[in-house]
Structure formats: structure tokens, C-alpha cells
Amino acid sequence: DVPKVPDCRADSDGARRGSLCDRHCAAINNVQGDLGDLGCHLHRSRVPPAVCTLSCCQQHSEEVCESCVVKTTLTAENAVEANKLSNNYKFGFKKWKSHVTARPWEDRSEIVKELYSDLNVIRGPGGSTLTCGNVLYLLLFGWWLSLLYVLVAAVMFVTVMGAPYGRLCWDLAGYFLWPFGKVIQKVEVPKSHQVCEAGAGESSALLGGPTPHRWRPQCWAGTGYWHCAGTAAWLCLGYPVLALAHGLVCVTAWLLIVLIPVAKLSARATSRVLLLPPERVLIRRLRMTEAPLEGEVILCCYHAANPYYYKYTVDGINVFAVNLLPLVLVTLVLGYVDSSNHLTGSAVKFTLALLSIMPLSYYIGMAIASISAQSNFAVGAVVNATFGSITELTFYITALIKGSREGNRCYAEVVKSALTGTLVGCVLFVPGLCMVIGGIRHQEQRFNSRSAGVSSALLFLSVGGVFAPTLFSKVYGKLVCGECHNVTQNPLGHYLCHNCHFDLMDNNGTLYYSHVQPLVYTVSILLPAAYLIGLFFTLKTHTHIYDIHISDCHMPGHHHSAVVHWSRWRALVILLLCTLCMSACADLATEHISPILTNSTISQYFIGVTVLAMVPELPEIVNGIQFALQNNLSLSIEIGNSIAVQVCMLQIPILVLFTIFYPTNFTLVFSDLHVYASMFSVVLMNYIFMDGKCDYFQGTVLVMVYFILLAVYFFAPSPSGC
């Protein structure tokens with residue numbers, strides 16, 4: 001996908017050349033680095049990838065092997081990130097875009113550095129403070145927060161003892177009405193005023209004017225400060241009200257994301273400014289003063305909004321996932337405490353449970369990527385195989401259990417629709433959307449057609465195996481119709497029949513138990529075996545098909561010690577907790593989906609294919625879009641193909657295995673609509689990916705076909721038994 005150096009100095013002896021490659025260049029195989037984040041820091045320099053490859057190899061030896069040059073050599077910031085990047089290209093491993101380690105501060109852009117900076121830096125004049133974000137702050141928070149400070153100031157003046165705090169609140173009222181272009185400083189108290197001297201006289205430390213020295217240490221120095229009467233009045237009457245108001249502003253601004261600077265402003269005001277003695281707080285306009293050498297700048301804000309805060313992370317977790325995490329707690333409390341639906345109905349609880357799956361899926365993906373990046377290949381493979389599909393399997397199994405207990409076949413049909421929707425969506429919608437969004441920035445995108453061909457071949461095999469029992473039942477099953485009408489008024493004429501299906505239980509189920517069920521078990525054994533063969537092929541014997549590897553050379557002057565966001569044990573604990581929460585949310589979703597299925601006028605096919613299938617995959621869709629924007633379409637395609645292959649080769653066999661130990665209504669016989677939609681999607685996807693390059697037009701074709709199939713499911717009648 002990148003220019004390659006046609007020739008390099010190589011030794012004529014093939015054996016010696018091979019040893020040099022193995023020793024100096026082959027660090028981690030079958031990996032293509034993210035050109036936006038990694039790769040000899042290509043995002044900082046303008047060195048072409050091939051030149052970087054040559055320089056990396058020449059650092060080790062003057063003789064450069066030919067295979068080392070034809071491969072694109074990219075470097076990671078540390079060994080953990082290199083393992084994560086390597087796992088992205090391993091078949092069967094979860095693809096993860098975000099970093100699992102803390103990125104070096106010097107490698108970050110100025111825009112990102114500003115996101116993490118404290119609001120205590122004075123800058124030069126940088127334009128007007130009259131911006132849309134600042135006006136939005138005034139309309140949402142500034143006016144009522146300033147009014148509240150005025151009211152608190154009046155209360156403190158009434159107490160007499162709290163008059164200094166009243167003057168402070170009056171000044172802060174003007175500050176929080178429009179804090180932009182102003183600075184709050186902590187004024188240093190001279191050491192001579194902190195000496196405790198005995199004396200007589202009335203205390204007027206909080207009233208202004210001359211103050212006896214014996215009261216100064218009690219109010220402003222050390223432990224005596226907190227025992228002042230004025231301070232007690234402030235802590236009882238003024239501070240709690242303002243802290244509550246700032247807390248409300250902080251939470252609201254944080255949830256809006258773009259207003260996170262306002263959240264920082266409120267948090268810093270509550271924890272620093274309001275806890276200082278009034279005489280140590282100085283508020284001035286920025287254009288009228290410069291910070292004195294002995295003064296500490298506490299607050300200095302220029303803009304209330306920053307659109308780049310969508311990149312903000314907390315301990316490696318994106319701010320969107322952080323904000324959605326409280327939704328999980330609300331869902332669990334509301335779902336299990338209000339079991340009789342007094343507070344909310346089933347539709348609200350089902351929606352909350354489904355939305356809670358999104359942040360949990362993100363945390364599970366982060367935990368899997370962290371464990372895999374810090375472990376060897378065997379541990380990573382086990383973790384990915386065990387928890388890679390835990391989100392979908394949890395919902396499917398709970399739905400089948402509920403359907404079995406109620407004797408309702410509709411749950412099994414919904415599970416089949418969700419399986420088909422995941423397959424069709426990951427084959428058409430995920431790569432198509434990535435092509436469209438990536439094509440907006442890049443005119444033409446290329447990908448490794450050979451590696452995509454491996455996934456396509458496995459996808460053909462898996463789809464054929466999954467739908468083999470369905471095709472078998474169509475050939476040998478007995479067609480049974482619910483109602484037929486003679487449209488020609490002739491006993492030998494044509495009949496119009498409704499609710500027709502192939503009955504597999506004729507003659508006491510001889511066809512099903514003697515022929516279809518053994519075929520299902522055989523397919524459920526062969527598909528995981530084919531999956532293991534695909535792993536062995538791509539990860540062991542034919543790793544060269546990716547034509548990329550990572551070198552361990554780094555740019556000079558950078559620190560490459562890995563500071564992981566989550567350790568292995570922490571990631572494991574989070575993984576287990578999220579899995580338990582996922583099970584609870586899936587239980588609530590299946591508990592409250594029944595009224596929606598029975599009362600909704602929308603086809604159950606459509607509900608399963610869209611909502612239940614694609615909502616758990618939203619984190620994967622976001623990862624695919626990010627890869628496409630970085631011109632790394634190979635990973636965007638692999639994300640969709642890997643999920644589709646796992647649906648057919650892992651999830652469906654696990655569900656069949658589950659029905660052996662816990663009998664349910666789930667049978668591996670799908671409706672004709674599922675069969676035709678899946679096979680057509682796979683054929684179209686392989687046709688689009690044939691030449692190894694694509695653009696936004698081809699992506700638009702895939703997305704349009706996906707929406708056409710959704711329209712078919714929307715207008716399709718509900719399955720029999722629902």
C-alpha cells in the first residue's frame with residue numbers, strides 16, 4: 001500500500017541473507033501499523049515509509065536483505081503498543097484503535113495538550129473572548145451562578161462575621177458571570193503576619209481594618225483558621241450552597257463534553273478558591289495585570305467550549321464511554337428495584353438496557369486489548385476466543401432461556417434475526433460506512449486483498465455450513481400451510497396459501513431427529529475446526545501474506561518505557577465485572593422485550609436485524625471508522641469480516657452446544673429471507689473486494705444494499721409463532 005524501494009544492498013548468499021533478515025528485521029510478523037499513530041513516528045516526520053524502512057534496517061547492518069525492504073517496517077512507541085498493533089492483524093483477535101499505554105507527552109499535538117492542561121496558565125493576548133462557546137456558557141450557567149453568588153454575599157453580610165466572605169462572593173459574582181479574560185490568584189501572606197503574638201483587644205480579623213496580632217494566627221495561619229466564627233458561618237451557610245451549584249455545573253458541563261473547560265473551572269473553584277481565606281484571593285482582569293512572581297495563578301480561562309474534547313480520555317477510556325458508564329448503574333437499579341414497572345414502563349427499561357451494552361462493550365474491548373498486549377500469544381488467543389463474543393452470546397443465551405421458560409418461539413426467531421443482522425451488517429454496513437467516510441478524506445484507498453481473501457474464503461465456508469441444515473430441510477421437509485384459498489373456483493385449479501413452512505416433526509420428528517439434528521451437530525463441530533485451521537494458516541504457516549512487520553528501532557530522544565493504563569490484573573477484574581453487568585443488562589433487555597414484540601407493529605425480523613444486532617457492535621464500528629480515516633482500510637474491513645466469521649464459526653456452534661445441555665426452541669433452521677440476504681451480502685462483498693482498492697462510491701453501494709435489505713425486513717411479516 002506504500003511505495004517500496006526496488007533494490008537494496010544484499011548479499012548474494014541466500015542463507016546469509018535469510019539469517020540477516022531473521023536477526024535484524026523480523027520482530028513481529030503479519031502487522032500493518034497505524035500510520036496515524038505509529039510507524040517510526042511518521043505522523044511527525046515527512047519521511048516516506050519505504051525510506052523509514054531502509055533506515056531502520058541500516059541501523060543494524062550495512063547489508064539489507066531484500067525481504068526487509070519489500071515489507072513496510074513500522075515502529076511502535078513501546079513493546080506493549082507493538083504487541084497491541086500486532087494483535088490487530090492477527091486473525092481472530094479484537095481490533096483496537098485506542099492506545100493501551102500512555103502516549104509520550106512530547107509526541108502529542110498542541111491541540112491535544114491543551115485538552116489536558118489546567119486552567120492556571122496565563123497566555124498572551126490571543127484574540128477576542130466573545131465566542132459562541134462563551135456566550136453559551138453565559139446563557140446556561142453564568143447568569144444564575146452570578147445571581148447565586150450575589151444572594152450568598154447578602155447572607156454573609158447579614159451575619160456580620162462573614163462580611164469578608166461576602167465581599168469575596170460579590171467579586172466572584174462578577175467573575176463567574178463572564179470569567180473569560182480574568183485571573184484568580186492566591187496572594188502570599190507575608191511571614192511577619194503569620195507569627196503568633198499574644199495581645200489584647202477585640203477580634204476584627206473578618207471585618208477589615210487594623211487587627212490585633214493575637215487573632216491573625218487563629219484566622220489565617222495553620223489550624224487556628226478553621227476555628228474562626230466567620231469561617232464557621234461561611235462553611236455552614238455559604239460554601240455548601242455554592243459547592244452544590246458548582247457540582248451541578250460540573251456534571252452538566254462534563255456530560256456535554258465540549259464544555260469540559262467549564263467543568264474544570266467549577267471543580268477548581270470549589271476545591272481551591274472557595275476554601276481560601278478571602279484576603280488571599282485576588283481577582284483581576286488579565287489585561288490589567290500580570291501574575292506577580294510570588295502569586296499563584298489558580299484560575300485563568302479563555303474559552304468555555306472546545307470541539308476537540310471528543311478526543312479526551314480518562315485513564316485510557318474515551319470520555320463518551322466514561323459518560324455512559326453511570327447509565328449502567330441507573331439501568332440496573334431501575335430494572336431490579338422497580339420490577340413492577342411503577343416508575344417506568346418496559347419500553348424505557350429495554351432502551352436503557354440496550355444503551356448500557358455500548359459502554360460495557362467498550363470496556364470489555366479495552367480489557368481484552370490490554371491483556372493481549374501484555375501477554376504472550378497463547379494467553380491473548382484464549383482471552384479473545386473466550387470473551388471476544390461475550391456481548392452477543394450473553395444476550396442470545398438469556399433470550400433463549402426466557403423463551404424456553406415461557407414456551408415462546410418468538411425469542412428463538414429474534415435470536416436468529418439478530419445473528420443474521422450481525423452477519424449482514426458486518427459484511428455490508430461496517431466496511432461500506434468505513435469506505436464512505438474514509439473516501440471523503442482519501443480519494444482511493446487500498447488494502448491487502450490477499451489477507452481479505454482469507455477472511456472471505458472462511459466467510460463463504462461458514463455461511464455455507466450455517467445454512468446447510470436450512471437447505472437440507474427445504475429439500476426433504478414437508479411443506480405445511482396454515483390457510484389456503486382456491487383462487488380459480490376449480491378443485492384442480494390454483495391455491496393461495498398463507499403461513500407456509502417446512503415441518504420437520506412429521507412422523508414423530510423422524511426427519512429432524514434422524515437427519516437434521518445430526519447434520520447440525522456435524523456442522524457445529526466442523527465450523528470451529530475450520531476456524532482453528534484459519535488461525536493456524538494466518539498466524540503460523542502463511543504470515544507473509546500481510547507483507548508487513550514491526551521493527552524495534554525508535555526515533556532518538558524519545559522515552560519508550562511503557563506506562564500501561566490498565567495492568568493485566570486490573571484489566572481482568574474490569575473484564576469480569578463488565579461481563580457480570582453485561583449479563584444483568586441482557587437479562588433486563590430480554591425481560592422487557594416481550595411487550596415490544598407483542599404490541600409493536602414493526603416486524604420482529606426488523607427489530608432483531610437492526611437494534612439487537614448492531615447496537616452491541618457500535619464500538620467496533622467506531623474503531624473501523626477511525627482506521628479508515630487514518631487510511632488503514634485493511635483493518636476496517638477485517639473488523640467486519642472477523643465479526644461475521646465469529647458469528648458463524650463460534651457463536652452459532654456455542655448456541656447449538658448450549659441447547660444440548662439446556663433444551664430451548666433454537667434450531668439451526670433459518671427462514672428463506674435470512675438465507676437469501678446473507679448469501680447475497682457475502683457474494684457482493686467478495687465482488688467489491690476483488691481488486692484490493694476501493695473508493696467512496698463502492699462504499700455507498702454496500703451501504704445502499706444494506707438499507708434495501710433493512711427495508712425488506714421492515715415490511716416483512718412477523719415470523720410464525722410470534
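At 31% relative accessibility, Asp-315 counts as partly exposed (that label covers the range between buried, under 20% relative accessible area, and exposed, over 50%, with a 1.4 Å probe and protein chains only). Its salt-bridge partner is Arg-570, with 2.5 Å from N to O. Here, a salt bridge is a side-chain nitrogen of Lys or Arg within 4 Å of a carboxyl oxygen of Asp or Glu.

Keep in mind that this is a predicted model, where local features need pLDDT of at least 70, side-chain atom pairs count only at pLDDT 80 or more, and totals for chains, interfaces and linings use all residues. Residues are numbered from 1 along each chain as its sequence is written, and side-chain values use heavy atoms, with hydrogens and water left out.

**Salt bridges**

- The count comes to eight salt bridges. As background, side chains of opposite charge can pair when their charged atoms come close.
- Back to Asp-315 and Arg-570, whose side chains meet in one of these bridges. The pair links distant parts of the chain, 255 residues apart: Asp-315 is in the loop between E5 and strand E6 (317–318), while Arg-570 is in helix H19 (residues 568–591). Helices (H or I, at least four residues) and strands (E, at least two) are DSSP runs, numbered from the N terminus.
- Arg-570 is partly exposed too, at 38% relative accessibility.
- Lys-349 and Asp-338 also form a salt bridge, at 3.5 Å from N to O. Lys-349 is in helix H12 (residues 346–373) and Asp-338 is in the loop between helix H11 (319–337) and H12, which puts them eleven residues apart. Both Lys-349 and Asp-338 are buried.
- In helix H15 (residues 410–441), Lys-416 and Glu-413 are three residues apart, or about one turn of the helix. Their side chains meet in a salt bridge at 3.9 Å, N to O. Lys-416 is buried with a relative accessible area of 3%, and Glu-413 is buried at 12%.
- There's a network as well: Lys-402, Glu-406 and Glu-591 are joined by salt bridges that share partners.

**A charge over a ring**

- Lys-416 turns up again here, with its charged end over the ring of Phe-666, 6.0 Å from the ring centre. The rule asks for NZ of Lys or CZ of Arg within 6 Å of the ring centre and within 35 degrees of the ring normal.

**Aromatic pairs**

- Searching the whole structure turns up 21 aromatic pairs. Rings of Phe, Tyr and Trp (its six-membered ring) pair if their centres lie within 6.5 Å; planes under 30 degrees apart are stacked, over 60 edge-to-face, and the rest tilted.
- Tyr-175 and Phe-176 are edge-to-face, because their planes sit at 85 degrees, with ring centres 5.1 Å apart. Both Tyr-175 and Phe-176 are buried.
- Trp-254 and Tyr-312 are edge-to-face as well, at 5.9 Å centre to centre and 80 degrees between the planes. Trp-254 lies in helix H9 (residues 229–256) and Tyr-312 in the loop between strand E4 (296–301) and strand E5 (313–314), so the pair ties together parts that are 58 residues apart in sequence.
- Trp-254 is partly exposed at 23% relative accessibility, whereas Tyr-312 is buried at 11%.
- Tyr-116, Trp-254, Tyr-309 and Tyr-312 make up one aromatic cluster.

**A buried serine**

- Ser-266 belongs to helix H10 (residues 260–271) and is buried, at 2% relative accessibility.
- Setting aside neighbours within four places in sequence, Ser-266 is in contact with His-246, Val-249 and Cys-250 (contact means heavy atoms within 4.5 Å).
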